[in-house]
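These are my notes on a structure that is new to me.

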Amino acid sequence: MSVRILALVGSLRAGSHNRQLAETAVKHAPAGVEITLFEGLAEVPFYNEDIDVEGNVPEAAARLRAAASQVDAFLLFSPEYNGTMPAVLKNAIDWLSRPFGAGAISGKPVAVVGTAFGQYGGVWAQDDARKSAGIAGGTVLEDVKLSIPGSVTRFADTHPSEDNEVVAGLTEVIQQLTSEATATAA
């Protein structure tokens, strides 16, 4: 069985270390695992029930939901903005949580990882993303974590894909997420 994972990155910055981390996940996905990096979170409007009308959902939100409906699991990459997750990631979770009880995230395994400049690697933001994804209906892998501190200096001259410790940690997360997705599908 092939496992399909959708990667959502909470940073919109072109040189984002979290985006580079997601690119590393795509590059190092093991055989039988397909990780797709969703493009277009910046175009998804803030969630508003007034515009979430069947047959008239904004195109960017509809694309997100369609992509999410085709996967077995989610891998969220969160930097830390003012002690919490970025609005763009929270907004994606909000769109994926609807319709209530039947959203595209419902019942699917979710792992959250990330990197940030601070000494703890964004753990507060990642904990908030886990909480939000769980409330939205995802099956959050609470013990599957990877928080990489000091991103600005650690990745100043090195892409995360060239950091053996990062690749090993990310590979372990992907393996655990894949195992959970396989068990959920069985």
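Where is proline 99 found? I located proline 99 in the loop between α3 (87-96) and β4 (109-115), where helices (H or I, at least four residues) and strands (E, at least two) are DSSP runs, numbered from the N terminus. Before going on I noted that this is a predicted model, in which local features need pLDDT of at least 70 and side-chain atom pairs count only at pLDDT 80 or more, while totals for chains, interfaces and linings use all residues. I also noted that residues are numbered from 1 along each chain as its sequence is written, and that side-chain values use heavy atoms, with hydrogens and water left out.

**Backbone**

I looked up the peptide bond that joins arginine 98 and proline 99, and found that it is cis, with omega about 0°. I then turned to asparagine 82, a residue other than glycine whose phi is positive, near 50°. I kept in mind that most residues other than glycine have a negative phi, and that most peptide bonds are trans. Asparagine 82 sits in the loop between β3 (73-77) and α3, and I recorded it as exposed, because its relative accessibility is 83% (buried means under 20% relative accessible area, exposed over 50%, partly exposed in between, with a 1.4 Å probe and protein chains only).

**Helix pairs**

I read off an angle of about 15° between α3 and helix α4 (residues 123-135), whose axes are 9 Å apart; axes are lines fitted to C-alpha atoms, for helices over the stretch in contact, and angles run from 0 to 180 degrees between N-to-C directions. α3 and α4 are therefore roughly parallel to each other (under 35 degrees counts as roughly parallel, over 145 as roughly antiparallel, 65 to 115 as roughly perpendicular and the rest as oblique).

For helix α1 (residues 17-27) and helix α6 (residues 164-185) I noted a packing angle of about 65°, with the axes 10 Å apart. That makes α1 roughly perpendicular to α6.

**Single residues and their distances**

I placed phenylalanine 74 in strand β3, and its relative accessible area of 1% is why I call it buried. Its C-alpha atom is separated by 8.0 Å from that of isoleucine 105, which is 31 residues apart from phenylalanine 74 along the chain.

In the loop between β2 and α2 I found tyrosine 47, which counts as partly exposed at 22% relative accessibility. Tyrosine 47 and asparagine 91 are 44 residues apart along the chain, and their C-alpha atoms are separated by 6.2 Å.

Valine 53 lies in the loop between β2 (33-37) and α2 (59-69), and with 39% relative accessibility valine 53 counts as partly exposed. From valine 53 to valine 166 I noted 113 residues in sequence and 42 Å in space, C-alpha to C-alpha.

Threonine 153 belongs to helix α5 (residues 151-154), and I marked threonine 153 as exposed because its relative accessible area is 60%. Threonine 153 and phenylalanine 117 are 36 residues apart in sequence, with 7.8 Å between them in space, C-alpha to C-alpha.

**Open space**

Which residues line the largest pocket? I listed Val9, Ser11, Leu12, Arg13, Ala14, Arg19, Phe38, Glu39, Gly40, Leu41, Ala42 and Glu43. On a 1 Å grid over the protein atoms alone, a pocket is an open set of points where a 1.4 Å probe fits, with protein on both sides within 12 Å along at least five of seven lines, and lining residues have an atom within 4 Å of a point.
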